[in-house]
Amino acid sequence: PMGSGIYAGDPNVMSVIACFPKVKMIEDQFGGLLKGMLAMQKMAKAQGRQGPQSAGPGGTLWSYGEGAGVLPTLLAKELGEGVKTGVEAQGVTASIEAGYLERKCSGWLVATEGGEYEADEVVLATPAYAASKLLAPHSEEASRLMSNIPYVKMAVVCLGYDKGSVPHPLDGFGFLIPKKEGRKILGSLWSSSIFPNRAPEGKALFTLMMGGARSPELATLPEEELLAACRDEMAVTLGATKEPEFVKIVRWDKAIPQYLVGHLDRVKVIEREISALGGVTLGGNAYYGIGINDCTMRAELIGQMVAEKLAKTGGA
């Protein structure tokens, strides 16, 4: 359920060490996952800590009152007028001709639909398939490996109900469903239970996920069939048999990157190729973790790495 719910992936081909490093650590340290969980529980009890010990991803569920889109908006505002948003990078070329050698840094020109921008350092935080195109003229191997990182299709269906029409108390974050249950949805987040202001008083908002590596064809169902399937799932899982009062559907052709077996080895090669270029740093959720928490941790490292590089090369 974690594999299909968090990554929308196929556990048979996913890299455990890349997707769930804590699981691998527990197995290596204790000789098995269940043995490790029991041992961790005993150790926690001996230290006076209570609560279940989890092998799943850590971190806290969080958002802003107006949604996660507030984060990049606030960052852009904080950084000022120099930030350009909604502009697609169409190409990256070395700018040796522009005199960057005299400034003792590699130097790049980033081509966009709105013109070219000079850069001492380029942070590639795009999806892997976009980064692959940008790097193709500079590293055939890195470009190839990036283009081979698969993405899965997803349909995200948001349904709003009157709380009185849902018999479940909704005292949790939602649920993930193992494949053997034979359900059409991968899981459901109870958005209004997790975060305030997600639904009016007396109402409940649910986010259902369909498709992924398990059933990619379900993500492309016509809207009526998609909604019918979701209503059926709500009735079976939560006893919500009435029609939803609110519906919103978002489809993603390339939703979540898949960390397949050997992922970390491929990332090492990509890093080596990029390091040889100079003036390029790797980010985004296709390599080190797919969630916002993962990307935030990586961003802090990137900031330090870029600052150190620019201090050495004399860049701005």
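Q: Before we look at any residue, what does it take for two strands to pair?
A: Two strands pair if DSSP finds at least two bridges between them. Strands (E, at least two residues) and helices (H or I, at least four) are themselves DSSP runs, numbered from the N terminus. Here is a case: Trp108 has Ala119 as its bridge partner in E3.

Q: What kind of model is this, and how are its residues numbered?
A: This is a predicted model, in which local features need pLDDT of at least 70 and side-chain atom pairs count only at pLDDT 80 or more, while totals for chains, interfaces and linings use all residues. Residues are numbered from 1 along each chain as its sequence is written, and side-chain values use heavy atoms, with hydrogens and water left out.

Q: How many helices and strands does the protein chain have?
A: The protein chain has 11 helices and 10 strands. Its C-alpha atoms fill a box of roughly 70 × 50 × 35 Å, taken along the principal axes.

Q: How do I read a sheet, and what is the order of the open sheet of three strands?
A: Strands of a sheet pair through backbone hydrogen bonds, either parallel or antiparallel. In this open sheet the order is E1-E2-E3, with antiparallel pairing. E1 and E3 are at the edges with a single partner strand each, so one side of each has no neighbour in the sheet. On average, neighbouring strands here are turned by 25° against each other, direction ignored; the axes behind such angles are lines fitted to C-alpha atoms (for helices over the stretch in contact), and angles run from 0 to 180 degrees between N-to-C directions.

Q: Which residues face each other around E2?
A: Strand E1 (residues 89-94) pairs with E2 in the antiparallel sense over five bridges, and Ala94 has Trp108 as its bridge partner in E2. On the other pairing, E2 and strand E3 (residues 115-119) are antiparallel over five bridges. Thr112 stands opposite Gly115 in E3, and a hairpin of two residues joins E2 to E3.

Q: Is strand E2 mostly covered or mostly uncovered?
A: Buried means under 20% relative accessible area, exposed over 50%, and partly exposed in between (1.4 Å probe, protein chains only). Strand E2 (residues 108-112) is mostly covered, with four of its five residues buried. Across the protein chain, buried residues make up 36% of the 316 residues.

Q: What is the order of the open sheet of five strands?
A: The order is E6-E7-E8-E5-E9, with antiparallel pairing. E6 and E9 are the edge strands, each with a single partner, so one side of each is left without a neighbour in the sheet. Neighbouring strands of this sheet are turned by 20° against each other on average, direction ignored. E5 and E9 pair over nine bridges in the antiparallel sense, and Cys158 has Lys248 as its bridge partner in E9. Helix H9 (residues 223-238) packs on the sheet, touching E5, E6, E7, strand E8 (203-211) and E9, and its direction makes about 65° with that of E5.

Q: Which residues of helix H6 are buried?
A: In helix H6 (residues 128-135) they are Ala128, Ala131, Ser132, Leu134 and Leu135. These residues cover an arc of only 165° around the axis, which puts them on the same side of H6; the arc is that of the directions from the helix axis to the C-beta atoms. Contact means heavy atoms within 4.5 Å. What covers the buried residues of H6 includes E1, strand E4 (122-124), helix H7 (140-147), strand E5 (151-162) and H10. Ser143 is in helix H7, and leaving aside its neighbours within four places in sequence, Ser143 is in contact with Ser132, Leu135 and Ala136.

Q: How many aromatic pairs does the structure hold?
A: A pair of aromatic rings is described by the distance of the centres and the angle of the planes. Rings of Phe, Tyr and Trp (its six-membered ring) pair if their centres lie within 6.5 Å; planes under 30 degrees apart count as stacked, over 60 as edge-to-face and the rest as tilted. The structure holds seven such pairs. In one of them, the rings of Tyr7 and Tyr259 have centres 5.8 Å apart and planes at 55°, so the pair is tilted. Both Tyr7 and Tyr259 are buried. Another pair is Phe175 and Trp190, with centres 6.2 Å apart and planes at 75°, so this one is edge-to-face.
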